[in-house]
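Thanks for coming. I have a few local features to go through, so please have the viewer open.

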Amino acid sequence: MRTAPSPATKTLRIILLENDKADADLIAHELKRSGLTAAIERVDSEQDFLDALHDFAPDVVLSDHSLAKFDSSVALEAVRAVRPTTPFIIVTGAISGAQSVAAIRAGTEDVILKENLGRLVASINNALVVRRPLHKLTQRQVEVLRMVAEGHRTRDIAGRLGLSIKTVESHRGEIMKRLRVHEVVSLARYAIRVGLIPLTP
């Protein structure tokens, strides 16, 4: 797994899911004004978004809430499936309180209104900092972490991933060591915090 870049010194790879070019330009301008160096890949369709997740390898995903043919909930599910450690932030012109709560519970890092873009860089930086420990894990360990946090038993995890029980136990011990936690409950809390699993099914 790639090491997370430091926002202050590295160029961040950002997918911007936005179908309004003027709004995309405003977002890019705000990132630059705030001192964040970013390579931005703007997409406005579901297929282009999926392609970018695979090919562009984003550090962060910024998404409008509602687009012509799909919305942020569909985009979030794609991120969780393809790049589960990548923070997903909704940047939108309008969203209801209930929709914001549902998005956060589903694993969205933050919801930012376009009229309040001054919050955006701080939100990105916070998202990257809280996920930094994840970059000490292998992709397989991330899979084990997610399944442990979902409440699966060791035997079930072993069966689903085609591993021995001993290997799963070894992965779990290494995950706890690298994340500096000592109990499964803490693993679950962390997995929820970084959006690996939703707060509710």
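Predicted model: local features only at pLDDT ≥ 70, side-chain atom pairs only at ≥ 80, totals over all residues.

Gly159 sits in helix H7. Its relative accessibility is 59%, and the cut-off for exposed is over 50%, so Gly159 counts as exposed. For a sense of distance, take Asp59: it is 100 residues from Gly159 in sequence, and the two C-alpha atoms are 31 Å apart.

Staying with H7, the next item is its packing. H7 covers residues 154–161, and helix H8 covers residues 165–179. Their axes are 9 Å apart and the packing angle is about 105°. Angles of 65 to 115 degrees count as roughly perpendicular, and H7 and H8 are therefore roughly perpendicular to each other. Which residues meet there? On the H7 side they are Thr154, Arg155, Ile157 and Ala158. On the H8 side they are Ile165, Val168, Glu169 and Arg172. Sorted by class, that contact has four nonpolar residues, three charged ones and one polar one.

Now to helix H2, residues 46–55. Its buried residues include Phe49, Ala52 and Leu53. Why do I put these on the same side of H2? Because the arc they cover around the axis is only 105°. As background, an α-helix has 3.6 residues a turn, so residues three or four places apart point the same way. On the other side of H2, His54 and Asp55 are exposed.

Which residues does Ala39 contact, if we leave aside neighbours within four places in sequence? They are Thr11, Leu12, Arg13, Ile14 and Phe56. Of these, take Ile14: the separation from Ala39 is 25 residues in sequence, but 6.1 Å in space, C-alpha to C-alpha.

To recap the two helix items: H7 and H8 pack at about 105°, and H2 has Phe49, Ala52 and Leu53 buried, with His54 and Asp55 exposed on the other side. That is what I have for today.

Note on methods:
Residues numbered from 1 in each chain as written. Heavy atoms only, no water. Axes fitted to C-alpha atoms, helices over the stretch in contact; angles between N-to-C directions. Helix = DSSP H or I, 4+ residues; strand = E, 2+ residues; numbered from the N terminus. Parallel < 35°, antiparallel > 145°, perpendicular 65-115°, else oblique. Contact = heavy atoms within 4.5 Å. Nonpolar A, V, L, I, M, F, W, Y, C, P; charged D, E, K, R; others polar. Buried < 20%, exposed > 50% of the residue type's maximum accessible area, 1.4 Å probe, protein only. Arc of directions from axis to C-beta.
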